[in-house]
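Open the model in your viewer and keep the selection tool ready. The stops below go residue by residue, then out to the whole chain.

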Amino acid sequence: MASLKNYLIQYFSMTDDLLPQAEAEAAIREGVSFKGTNLLILVLAIFIASLGLNTNSTAVIIGAMLISPLMGPIIGIGLGVGVQDFDLLKRCLRNLLMAAGFSMLTSTIYFLISPVSEGHSELLARTSPTIYDVLIGFFGGGAGIVAIGSKSKGNVIPGVAIATALMPPLCTAGYGLATMQMNYFVGATYLFLINSIFIALSTFIGVKLMHYRPVVSGNPERSRKVRHIVYTVSILTLLPSLYLTYDMLRLSRFSANADRFIAQQFNFPSTQVLNRSATIEHGERIITVTLIGKVLPADSLRLAMNAQLAHYGLEGAHLNIIQGDSPDLSELKNGLPSMNDIYEIARTSISAQQVTIDSLRSIIAFAQINDTIAGRIAPEIKVLFPQIEEIAVTHAVFGNISTQRLDTVNTVLVKYATPLPAAKERELVKYLEARLSYRTLQLINIGNQLSFSQPPVHSTKK
């Protein structure tokens, strides 16, 4: 046992791989400053990250994280606490606050002037950090300080920059400010604080484990006080993430139990589960199941299913069952229908009417969306294609005279203030297809008057 222990100690020993403390400190101190080149690179990286979030490009976001120099002052904070260099600690805190402020200001300005103000990236949804984000920051910071203190650094630092994701939260916070969505701002700022604090904490622990000598200090009481502040801030930052993690795990467990309950209990020969959802709203657990096919007796079905909830750990959950389509009434008895048959007929009629109402609502909603498309993309068109004076988006039904075949075509009518070159017009078509999520469209120049007699200037083939 002792030999195995000695073998493991020797195997994980870093004594021969570590740089002298002076060299490692010099490398960290060099990245602390935010002046001139470093500040300009930070601003440019924020613009790149904002563009990546705006266009939903993961590659661009990763590139911005690699460019960003934000890791410098954060690791410097951990070093300053570890070696009791309080001048370095104050400088790193000041530089980090300045860097975060400039980053949020830059991203806010970008999203204020960006013609596309919608948040497309899933990174924008990361506004509820959990304990997993704490662990990512902690282990990422640990990998960073070990790499900085070792002779063979490899590709650890770029990997840490990507894993801990310091840039996206700052851009998301700026997006929240620009669009006045405070949930984005608060959640993203909290995520940035988690990453920063736990990278610094793991750096502090790494410095202690590598036995870096503290600077000469004549005030040990001050050192002890700073360490207590570091521990207190870390714990206070950790607590909300623990609560959010508990909420996430509770919802995950509830969803898993609800899926198991629905899969095992909602098995009917002529009725299928169309959709399901399990949510927690204001502390109330809600399961919604949408059925299609033969309509089942609602009261009996609800009683039977509510009785089964306890067997799946779903006590107290509210079960909402929605049924569509119509029951099979071919089995009605000959002669006058019974009261149950009349009840089923009335419910079938109501269900059919509800389906019709829902269908008409969908048609109206679709028409309203089409009526407002041109207005919603007008600001973008004004920036990207200033030659366009008017634009209309519609769905036209073309009929082939010889075959009598009808075909719906996505049609865009445009009026130019000045002629648009052919290459620019092809670029306009590609933009509209991507922006409106159309596979194909037909572009028609209406000239100075609304006339459909002119052939289309450009048309994409189906």
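Select Q21 together with R213: the side chain of Q21 lies 2.8 Å from the backbone nitrogen of R213. This is a predicted model, in which local features need pLDDT of at least 70, side-chain atom pairs count only at pLDDT 80 or more, and totals for chains, interfaces and linings use all residues. Residues are numbered from 1 along each chain as its sequence is written, and side-chain values use heavy atoms, with hydrogens and water left out.

Q21 belongs to helix α2, residues 21–30 (helices are DSSP runs of H or I, at least four residues, numbered from the N terminus). Its relative accessible area is 12%, so Q21 is buried (under 20%; exposed is over 50%, partly exposed in between, with a 1.4 Å probe and protein chains only). Leaving out residues up to four places away in sequence, Q21 touches V83, Y212 and R213 (heavy atoms within 4.5 Å).

Next, select Q84, in the loop between α5 (71–82) and α6 (86–113). Q84 is not a glycine, yet its phi is positive, about 60°. Is Q84 buried or exposed? It is buried, at 15% relative accessible area.

Then go to H211, in the loop between α10 (182–209) and α11 (220–265). H211 also has a positive phi of about 60° without being a glycine, but is exposed at 67%.

Finally, select everything: of 462 residues, 39% count as buried.

How values were computed: Helix = DSSP H or I, 4+ residues; strand = E, 2+ residues; numbered from the N terminus. Polar contact = N/O pair within 3.5 Å; in protein donor to acceptor, adjacent residues only side chain to side chain.
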